[in-house]
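Have the viewer open as you read.

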Amino acid sequence: MTGQMMTFEVCSGGRITIDLGHCAACESKPCVAVCAVQGGPLVLDEIRGVPTLRWSLDEVKRGGCVECLGCQLECELHGRQAVTTTLPLERFGEYMDTLTEPAVYGREW
Amino acid sequence: MARLLEHQAKAILRRFGIPTPDGYIVRSVHEAKDAAAQVGYPAMVKAQIRSGKRGKSGGVRAVNDEAELVSVVSDMMGDEICRLPVDTLLVEQRLEIQREIYLGVTADPSARSPVMIFCGRGGVGIEETALADPEAIHRLTVDILRGAYPYDALNLVHAADGLTSSQKLGIARILCRLYDVYRTHDCKLVEINPLALTPKGLIALDARVDIDGDALERQTDLNLDVAEEAGSRCPTLLEEIAATIDARDHRGTVHFVQIDPDLSYAREHDLIPFGFDCVGAGASLTTMDELVPLGFYPVNFCDSSGNPVGSKLYRVTKLIFSQPGIQGYVFVSCVSSQQLDNTARGIIKALKELYPETKGQPNIPTVLCFRGAWDEDALSLLAEHGISEGRWVRVMGRDATERDAAAAFYSLHQEWRSEKGSTG
């Protein structure tokens, strides 16, 4: 955790970052609610009023985070858009560079 | 399953003390000349392709001098053998063969054990021997906890006529080493055919090593390109990328194979290519059975089952949509205990990232059919995130069959095509 940002790595490779600066003002804390349902690591820090981890970073990375992506998606809809999930795909950029025509999502029909 | 090329298989055998002919990998006439200078004439030139019919299809040829070598290498390089492109050859010393023997180790599902196989008559006719004279094939199941000992193998080899005790002992030792290869490298099949009796002793002239696809990630010392089995062709870059998804995370699986990587089959047969993902291979097959008669062709197979985490669905959905030329996307789950809300989250995150301007609503016909555990949650999430409202999206629930999903996709595609005109 650095300043207002909380970052933790996940088992599949990648990281989840929560901008806690937004969280104090968030009334519903949907990320904590969805994580509780999944049995994941996010809980509410009652003193600071922001999400925190109930396990060590190692435990979270070892599979404590079930990578349901609920924290990001719930925060997008019902929170303050404070969660960023970065899940890299090895060599995907290399593959995209080989394409001679654009992928469908980059195409005008 | 990963079937290694002959030279890769032989490299493994050598590490386990099984003799193979001297040989070099070459990719040009110039390299072939250098290799032949090292091994001497007569030499063998062998195409490095994954095919059991290689020998009978001109992929293994003997050369007696440099002129023949140049002719054969020029002929084979860049050509196709058994419909597989040849870009690598193995130039080996040619040995005098006195007798050919077959050795193999594979899994016996009925015994739930590895089985060692021996036949005193190896070579290209082993399949015919197995059919015509099954008693010539000798088998011994191995207790996997106890392992295989030379005297076990010797009991098997004793069945052969015309071998000296010393030769039988040598074969038994090689069979035990082959078993070690099988166990050490998580193989599904290891085979030496033929193991040749030569004036220089017993030598493995050809070898096959198939590694269990689910164990490839831990065979790091083999430095293989890991991917799902895709027949005899080499994995595509997209398949290699897909394989990294499971390699890093044991929670659930995403089995991804490109059926028509360059869309040539779909175009040649005037079929409409689409991206495809199913929960369960059975649902995948039945959905394909419904879609293909309607004029569609899945450019990929994907089975994202075993309750994969949302991040796996996110990654594989990105891969599926990155295939150029697809005119739609179909996702169908079988009815299972898989937590489909997580599956939906993965798809939603991918779509929102790929289509930021429409907040995740795709620009191609998309059918999402969720049936099973947490399916109603999945449908609610798709609605909440606005995906279900997409112009080209149809979301279906547990009442839908594979036929319904195919019919919905057909109808949606008709509408889409009519609006978009030529889809190129």
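The crossing of α11(B) and α12(B) is right-handed. Keep in mind that this is a predicted model. Overall, it scores ipTM 0.96 and pTM 0.75. For chain B, the average pLDDT is 92, and 97% of the residues score at least 70.

So how do the two helices sit against each other? They pack at an angle of about 25°, with their axes 7 Å apart. Angles under 35 degrees count as roughly parallel, and α11(B) and α12(B) are therefore roughly parallel to each other.

Here is who meets whom:

| Helix | Residue range | Residues in the contact |
|---|---|---|
| α11(B) | residues 340-354 | L340(B), D341(B), T343(B), A344(B), R345(B), I348(B) |
| α12(B) | residues 375-384 | D375(B), D377(B), A378(B), L381(B), L382(B) |

Sorted by class, this contact of α11(B) with α12(B) comes to 6 nonpolar, 1 polar and 4 charged residues.

Now over to chain A. Here 3 strands make an open sheet, ordered β1-β2-β5, with antiparallel pairing. The edges are taken by β1 (5-9) and β5 (83-86) of chain A; each has a single partner strand, so one side of each has no neighbour in the sheet. On average, neighbouring strands of this sheet are turned by 15° against each other, ignoring direction.

Zoom in on one of the pairings: β1(A) and β2(A) (residues 15-19) run antiparallel and are joined by 5 bridges.

Methods: Residues numbered from 1 in each chain as written. Chains lettered and ligands numbered in written order. Predicted model: local features only at pLDDT ≥ 70, side-chain atom pairs only at ≥ 80, totals over all residues. Axes fitted to C-alpha atoms, helices over the stretch in contact; angles between N-to-C directions. Helix = DSSP H or I, 4+ residues; strand = E, 2+ residues; numbered from the N terminus. Parallel < 35°, antiparallel > 145°, perpendicular 65-115°, else oblique. Left-handed = near helix turned anticlockwise from the far one by under 90°. Contact = placed C-beta atoms within 7 Å. Nonpolar A, V, L, I, M, F, W, Y, C, P; charged D, E, K, R; others polar. pLDDT = per-residue confidence, 0-100. Pairing = 2+ DSSP bridges.
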